[in-house]
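Let's take a friendly walk through this model, from a charged pair to the strands and then to the ligands. Keep the viewer open as you read.

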Amino acid sequence: MDNKMFCFQCEQTAGCTGCTGAAGVCGKKADTAEIQDKVTGALIGLARAVEGNEDSVTYETDKLILEGLFAAVTNVDFNNDTLNDLLSRINAEKEKLVPLCEECGAPCGRNEDFDMKKLWYAHEDIRSLKSLILFGIRGMAAYAYHADVLGYSDPQISSFFYKALYAVCQEDWGMEELLPIVMEVGEVNLKCMALLDQANTETFGTPAPAEVTLTVEKGPFIVITGHDLYYLKQLLEQTIDKGINVYTHGEMLPAHAYPLLREYPHLKGNFGTAWQNQQKEFADIPAPILYTTNCLMPPKASYADRIFTTEVVSFPGAVHIGEDKDFSPVIEKALELGGYPEDVRFTGINGGDKVTTGFGHGFVLSVAETVVEAVKSGSVKHFFLVGGCDGAKAGRNYYTDFVKNTPEDSIVLTLACGKYRFNDLDLGTIGGLPRLMDMGQCNDAYSAIKVAVALSEAFECSVNELPLSMVLSWYEQKAVCILLTLLYLGIKDILLGPSLPAFVSPNVLSFLVENYNIAPISDPETDMKKLLG
Ligand code: SF4
Ligand code: SF3
């Protein structure tokens, strides 16, 4: 292998084919990519060792699987030290499961770690199907990890990770064996998103619509980003009466909708937009930034001393808050920097000074009668789900233009960080409901699914027959598992952009087109006509 690294798991992969040089487009260096491959290979070795040894699997084994998969998600862990530590822990766990392998005089190789080059250089269709499985479970592991942090797990979900990892190393498996597992990733991810939804709502209450200011008040503040609500709660607790305000960023915005989190008066508003703007937005803020999960970009020198990480997310040199979750270093930094001397009115991408969130299934289904009536009376003619990951690539303005072009008798549901392209737009109301409704984080795709299924029941038709169009944007591996869930549910006619995954081979793409009529986005006007036609 001449290339320094090989990675093609995200939407921004070099040349739409793969990152192969000294570093990936995301900033991940070749040596880090190599350790991540070793971690994945070791996880596969662990899954092999578990086969026939299931009774020896403990909570720690399951947690290591989640951690190892999550750490390889795009923009999570750039730190060779933490990845090497993870690798040692995975190897130690395997040794516990199969202690005699190390000393065996005639090794059978059955429990060996997997060499990931065998995957990257496999036949393109096999590589494609196995990549859908691997990248899908990486995304799903992140959701299972968040649920686990709140004390929620499901043995069926946990055991599927081993099955899927085991599939990745089967060198003689073809389409017949792999395709059902690709679909099973979608099926199990639905359960996983439901589990996380349950964990979040039982812990923090049912989300309700909330208006969130983009103005940052004077005085010390902390910006918290990522997906993990539990660490926001801990930060809010530790900043009570400290004269420090807390602002959400990126995928943390939906936190404002949860009753138990909005009880904290110092959870003030939202700062900034989606992840790809962080190097610009964080450059000169007088405040620290705490990353609970992806998406972390390599920090610029202008703010490198102000970033803090926790859990799986890590960057060399950044202060990492460990198991004790003592956020004192973040708090001290906020007090030292002091914040702005006056309130500063920030705006979203389109100039709006506030955004809304909290339109999850709990709220939407509570007004289901109004929604159904609005459709029956003809005041609402179409629903669009415009959501998914954001990214840096040109062409993502499509989503802003698309939303701006939606007819006035339509409702736009959105979720994940792609919404920052348009969530400060005032689209007005329809039938007493806002035309633009933010359902939450990417995992809240579960909410969109629940609402779609409820509507299909109300109108006694299939989800595909509803006046509902899905116009999705993807970037990292959580979007992969969500897409597989939609396919598992049989949802057709999805428009996906801004570009199709590099790991989907022409044959696998033909399969998706033939069976699900999935298509790339084109331009907003053409797509709008097609969808409304
Ligand atoms: Fe390239 Fe994406 Fe992999 Fe980073 S995660 S190395 S940008 S394919
Ligand atoms: Fe965004 Fe990274 Fe995917 Fe949870 S924060 S959606 S890209």
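Lys94 has a relative accessibility of 14%, so it counts as buried. Please bear in mind that this is a predicted model. The side chain of Lys94 meets that of Asp113 in a salt bridge, with 2.8 Å from N to O. This pair links distant parts of the chain: Lys94 belongs to helix α3, while Asp113 sits in the loop between α3 (80-97) and α4 (117-120), 19 residues apart. Asp113 is partly exposed, because its relative accessibility is 33%.

## Other salt bridges

The count of salt bridges comes to 21. Side chains of opposite charge can pair when their charged atoms come close. One such contact joins Glu237 and Lys233, whose closest N and O atoms are 4.0 Å apart. Both residues lie in helix α8, 4 residues apart, which is about one turn of the helix. With 40% relative accessibility, Glu237 counts as partly exposed.

Lys381 and Asp409 also meet through their side chains, at 3.6 Å from N to O. Here too the pair links distant parts of the chain: Lys381 is in the loop between α13 (368-376) and β11 (382-388), and Asp409 is in the loop between α14 (397-405) and β12 (410-414), 28 residues apart. Asp409, at 25% relative accessibility, is partly exposed. Elsewhere, Asp305, Arg306, Lys333 and Glu336 are joined into one network by salt bridges that share partners.

What covers are the two faces of β4 given? Strand β4 (residues 245-248) is covered on both: Asn245 and Tyr247 on one side, and Val246 and Thr248 on the other, are all buried.

Strand β3 (residues 221-225) pairs with β4 in the parallel sense over 4 bridges, and Ile222 has Val246 as its bridge partner in β4. Together with helix α8 (residues 229-238), β3 and β4 make a right-handed β-α-β unit. β4 also pairs in the parallel sense with strand β5 (residues 267-270), over 3 bridges; there, Gly269 is the bridge partner of Tyr247.

## Around the ligands

Ligand 2 lies between domain 2 (210-345) and domain 3 (360-532), because both give residues to the shell around it. Among the surrounding residues are His227, Glu251, Trp275, Cys389, Cys442 and Tyr475. By class, this shell has 7 nonpolar, 2 polar and 2 charged residues.

Ligand 1 has 13 residues around it, of which Cys7, Cys10, Cys19, Cys26 and Thr74 come nearest. The shell around ligand 1 has 7 nonpolar, 5 polar and 1 charged residues.

Key:
Residues are numbered from 1 along each chain as its sequence is written. Chains are lettered from A and ligands numbered from 1 in the order in which they are written. This is a predicted model: local features need pLDDT of at least 70, side-chain atom pairs count only at pLDDT 80 or more; totals for chains, interfaces and linings use all residues. Side-chain values use heavy atoms; hydrogens and water are left out. Buried means under 20% relative accessible area, exposed over 50%, partly exposed in between (1.4 Å probe, protein chains only). Two strands pair if DSSP finds at least two bridges between them. A crossover is right-handed if, with the strands pointing away from the viewer, the path from the first strand over the helix to the second runs clockwise. A residue is near a molecule or strand if one of its heavy atoms lies within 4 Å of it. Ala, Val, Leu, Ile, Met, Phe, Trp, Tyr, Cys and Pro count as nonpolar, Asp, Glu, Lys and Arg as charged, and the others, Gly among them, as polar. Domain bounds come from an automatic or database domain assignment.
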